[in-house]
Amino acid sequence: MENAILVNLAVSAGEKADSEGSMSELEGLAHAAGARVVRKVFQVKPRISPRTFIGKGKVEEIHNLAQELKADLIIFDHNLSPRQQRNLEDSLDRKVIDRTQLILDIFAQRAHSNEGKLQVELAQLTYLLPRLAGHGKAMSQLGGGIGTRGPGETKLEKDRRRIQDRINKTKKEIRNIEKRRAGQRRSRKESPLPTVSLVGYTSAGKSTLFNTLSKENVFTSPQLFATLDPVLRRVYYPDGIYFLLSDTVGFIRKLPVELVTSFRATLEEVGESDCICHVIDMSAPNAETHTEAVEKILEDIDASGIPRIRVYNKIDLLPNKNDLLALNGRPDTDRIFVSAKTGEGVEALKARLRTLLFQSRKLFTLRLPAEDRGVLEALARKALILKTQESNGYLDVRVIAAPESLTDFGPYLQGGEET
């Protein structure tokens with residue numbers, strides 16, 4: 001485990017007020033990467049130094065602290081230019097990484113699917129390409145701890161041309177995945193099965209809520225970015241109606257542009273949803289700032305026009321949880337209060353989703369010739385099939401569908417729509 005010193009520079013009153021929260025988040029990121037934080041260093045300075053980002057005196061202070069505390073890693077809560085990173089490493093005689101490199105390192109550790117690994121590799125290589133010239137400490141230690149791990153680590157010492165070739169090859173592989181995903185999304189869009197995406201700030205409790213809703217057991221953790229690869233499962237109602245639920249990567253302030261670009265194919269899944277559940281940790285001290293960060297990313301990926309429910313989670317940690325639960329009874333609200341951990345409020349969320357997803361759809365029963373499977377296949381493209389039962393040469397099929405989608409199946413309808 002590496003000993004790390006965290007550094008934050010505030011250049012305005014607003015940044016100064018936010019510096020404690022931002023550094024707490026950076027500390028969580030450092031822990032998630034496997035570092036032990038031994039000191040946090042703050043500086044307020046009206047201008048950023050083009051040479052070392054922070055002031056000369058602060059560089060000397062950190063150098064002395066690093067020697068005293070035996071710190072081998074300095075993490076900046078900002079993005080450094082290649083020149084600033086090289087100069088800092090020369091002055092501090094320590095490995096220096098910035099916020100983007102730290103997040104990329106965590107993603108490199110957490111990506112398991114082939115797609116996730118490719119996306120992380122592309123983000124890492126895109127970030128590191130302009131930094132190859134100096135071959136700083138972070139570049140020269142293959143597998144040398146935080147900031148150097150991941151699918152691209154064995155390629156970091158190669159020359160710029162070979163790195164660029166690898167970037168081009170990775171982009172091509174990702175484009176192939178994007179085409180496959182686009183085809184899958186088109187199929188789902190044409191399908192009568194609605195899809196709901198869970199989005200939210202990292203550690204807001206999305207995966208716990210996903211498990212509660214779908215009765216699955218996907219990995220959950222208090223660590224940041226526990227979920228990277230999207231997961232899709234069915235959520236059932238007692239009468240057999242169901243929808244698809246997607247768990248997605250957690251968002252964060254200052255999400256590296258390299259990751260947004262590389263994970264665009266994954267994030268586009270959110271943009272194709274019928275509804276977005278924005279999960280918000282009500283117990284977080286910076287809940288409002290986290291909410292704004294997620295809304296900004298949704299806007300960036302053109303998902304702001306999709307119907308949305310704000311799911312305020314972790315009410316079990318609040319003293320007024322019963323007052324909040326009482327608000328769930330209001331009709332057509334876009335806010336639901338839940339505890340994904342205890343299950344409180346989750347049924348209210350499911351009820352709201354049912355109204356939103358199925359309000360224009362009705363229940364029907366059709367009787368089809370058992371030998372004519374082509375009619376059943378055609379019906380499955382227009383309606384959500386809940387139950388089939390064969391008897392006396394016929395298939396009795398119970399479906400939920402928009403009435404207009406069953407125009408071609410009039411002869412098979414039994415008694416019209418159900419209530």
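## Basis of the model

A residue is called buried under 20% relative accessible area, exposed over 50%, and partly exposed in between, as computed with a 1.4 Å probe on protein chains only. The structure is a predicted model, in which local features need pLDDT of at least 70 and side-chain atom pairs count only at pLDDT 80 or more, while totals for chains, interfaces and linings use all residues. Residues are numbered from 1 along each chain as its sequence is written, and side-chain values use heavy atoms, with hydrogens and water left out.

## Confidence

The predictor's confidence in each residue is given as pLDDT, on a scale from 0 to 100. For the protein the mean pLDDT is 84, and 85% of residues reach 70 or more. Helices (H or I, at least four residues) and strands (E, at least two) are DSSP runs, numbered from the N terminus. Confidence is highest in strand β3 (residues 73-76), with a mean of 97, and lowest in helix α6 (residues 137-140), with a mean of 46.

The pLDDT is below 50 over residues 134-143, a stretch that has 26 contacts in the model beyond near neighbours in sequence; a contact means heavy atoms within 4.5 Å. Residues 219-223 also stay under 50, with twelve contacts beyond four places in sequence. Where pLDDT is low, the predicted coordinates should not be read in detail.

## Cysteines

A disulfide is a pair of cysteine sulfur atoms within 2.5 Å, and the count by this rule is zero. The cysteine sulfur closest to that of Cys275 belongs to Cys277, at 4.7 Å, which is too far for a bond. Cys275 is buried at 0% relative accessibility, and Cys277 is buried with a relative accessible area of 0%.

## Salt bridges

With a salt bridge defined as a side-chain nitrogen of Lys or Arg within 4 Å of a carboxyl oxygen of Asp or Glu, the count comes to 14. One of them joins Lys40 and Glu27 (2.8 Å, N to O), linking strand β2 (residues 35-44) to helix α1 (residues 13-33) across 13 residues. Lys40 is partly exposed at 27%, as is Glu27 at 22%.

Arg354 and Asp239 meet in a salt bridge at 2.7 Å, N to O. Arg354 lies in helix α13 (residues 346-358) and Asp239 in the loop between β6 (231-236) and β7 (242-247), so the pair ties together parts 115 residues apart in sequence. Arg354 is partly exposed at 26%, and Asp239 is partly exposed at 32%. Lys314 forms a salt bridge with Asp281, the closest N and O atoms being 3.3 Å apart; here Lys314 is partly exposed at 21%, whereas Asp281 is buried at 13%.
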